[in-house]
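Trainee: Could you take me through this structure, one question at a time?

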Amino acid sequence: MFQKRAAAIHDISCFGKCSLTVAIPVLSAAGIETCPIPTAMLSTHTGGFTDIHVRDLTDDVMPVAEHWKSLDLHFDAIYTGYLGSFKQLEIVSDIVDKFRGEGTTIVVDPVMADNGRLYGGITEDFPAGMRKLCSKADIITPNFTEATLMLGEEYRDGPYTKEYVEDIIRRLGTFGAKTVVLTGVYFDQLQLGAAALDVATGEISYAMGEWVEGCYHGTGDTFTSVLLAAMLNGCALGDALQIAVDFVARCVRRTSKDHPYMVYGVNFEAELPLLMKALKLI
C-alpha cells in the first residue's frame with residue numbers, strides 16, 4: 001500500500017493549537033503524509049490574544065503549488081481551513097482545479113465565524129465567496145454560524161430541533177459538495193456533536209459526545225482533521241464522524257482537567273495514541 005498524502009492549506013500560529021499546528025500532527029499520526037501551504041503566519045492564534053504579529057503569505061501560496069505541479073505530485077486530499085481574503089479564495093480554487101484527480105478528496109472547512117459573528121477582518125460579503133469554494137468540495141464542515149451566513153439567513157442559538165438541523169444541512173447540500181458535515185449540533189446541554197449528509201443518498205447520520213462546559217479554541221480544526229484522517233484510512237462516513245466527535249470530546253475533557261488556559265487550545269497530543277487505536281493503526 002502507498003502512503004496517503006494530503007495538502008493542507010491553512011494559516012499557522014506560532015503559539016496556540018489550531019490550523020496547521022493541529023492538522024499536521026493529527027494527519028501524520030494517522031499515517032498520512034501532510035504537506036502544508038501556510039497562508040499566513042501569526043505569532044499566536046486570534047482567540048483571546050492582542051498585539052498579534054501577522055505576516056500575510058498570499059503571494060507565496062501559488063508558487064509553492066506550481067513547484068509541486070512541476071514535480072508531478074499527486075494528493076489523496078486537499079484540505080483547506082481559514083482563508084483571510086477573496087484573493088486567497090481564488091488562489092485555493094485554482095489549486096483545487098490543478099490538483100483534483102481521480103480519488104482526490106477536496107475538504108473545505110469554511111473557517112470564518114462562530115457564535116453568531118464573523119471573525120475579525122472578515123467582511124460581510126465573504127461568506128458568498130466561501131460558498132463558491134464550497135461548491136468545489138467533496139466534503140464541507142461548517143459550524144452553525146458559517147452555515148447560516150452562507151445560506152444568507154439569521155443565526156440561531158441552540159438547543160436545536162432535529163427538523164431545524166436537517167433543514168439547514170439539506171440546504172447546504174445544494175451547494176455542490178458530496179458530503180455536508182454540520183458541527184456544533186446539540187439538542188440539550190448533555191451532548192454535543194455533528195450531523196452529516198450524504199447528498200447522493202439523502203441519508204443523515206449523527207454522532208454525539210459528552211458536553212463539557214467552556215470555550216475551547218481549535219476544536220473545529222481538530223474535528224475536521226480527525227474526520228479526514230479517518231476517511232483516508234477507509235472509515236465509512238458515519239464511523240469517521242463518531243471517531244472525530246469522540247476524539248474532540250476526549251481532548252476537551254482532558255484539557256478541562258489538566259490546565260486552566262483553555263484559550264491556548266486543547267491537549268490533543270496526549271490523545272493521539274487513542275486515535276491511532278481507533279483507526280486500527282496500532
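Trainee: Is Asp59 buried or exposed?

Mentor: First, the ground rules: this is a predicted model, where local features need pLDDT of at least 70, side-chain atom pairs count only at pLDDT 80 or more, and totals for chains, interfaces and linings use all residues. Residues are numbered from 1 along each chain as its sequence is written, and side-chain values use heavy atoms, with hydrogens and water left out. Buried means under 20% relative accessible area, exposed over 50%, and partly exposed in between (1.4 Å probe, protein chains only). Asp59 has a relative accessible area of 58%, so Asp59 is exposed.

Trainee: Which side chain meets Asp59 in a salt bridge?

Mentor: A salt bridge is a side-chain nitrogen of Lys or Arg within 4 Å of a carboxyl oxygen of Asp or Glu. For Asp59 the N to O distance is 3.2 Å, and the partner is Lys87. The pair links distant parts of the chain, 28 residues apart: Asp59 in helix 2 (residues 58-70) and Lys87 in helix 3. Helices (H or I, at least four residues) and strands (E, at least two) are DSSP runs, numbered from the N terminus.

Trainee: What should helix 3 span, and how far apart are its end C-alpha atoms?

Mentor: The expected span is 1.5 Å times one less than the number of residues. Helix 3 has 14 residues (86-99), so it should span 20 Å. Its end C-alpha atoms agree with that, being apart by 20 Å.

Trainee: Which residue forms a salt bridge with Asp97?

Mentor: The closest N and O atoms are 2.8 Å apart, and the partner of Asp97 is Lys136. Asp97 is in helix 3, and 39 residues separate it from Lys136, in the loop between helix 4 (126-134) and strand 8 (139-140). Asp97 is partly exposed at 48%. Also partly exposed, with 25%, is Lys136.

Trainee: Which residues are linked with Asp138 in a network of salt bridges?

Mentor: Lys178 lies in the loop between helix 6 (162-172) and strand 9 (179-185), and Asp138 in the loop between helix 4 and strand 8, so the pair ties together parts 40 residues apart in sequence. Asp138 is buried at 8%, whereas Lys178 is exposed at 57%. The network links Asp138 with Arg100 and Lys178.

Trainee: How many salt bridges are there by this rule?

Mentor: The pairs above are examples, including Lys87 with Asp59. By this rule the count is 11.

Trainee: Phe75 and Phe99 have rings that pair; what kind of pair is it?

Mentor: Rings of Phe, Tyr and Trp (its six-membered ring) pair if their centres lie within 6.5 Å; planes under 30 degrees apart are stacked, over 60 edge-to-face, and the rest tilted. The structure holds 12 aromatic pairs. Here the centres are 5.4 Å apart and the planes at 80°, so the pair is edge-to-face.

Trainee: Are Phe75 and Phe99 buried or exposed?

Mentor: Phe75 has a relative accessible area of 4%, so it is buried. Phe99 is at 7% and likewise counts as buried.

Trainee: Which residues do ring pairs link into a cluster?

Mentor: Here, too, the links are ring pairs. The cluster is Phe144, Tyr160, Tyr164, Tyr186 and Trp211.
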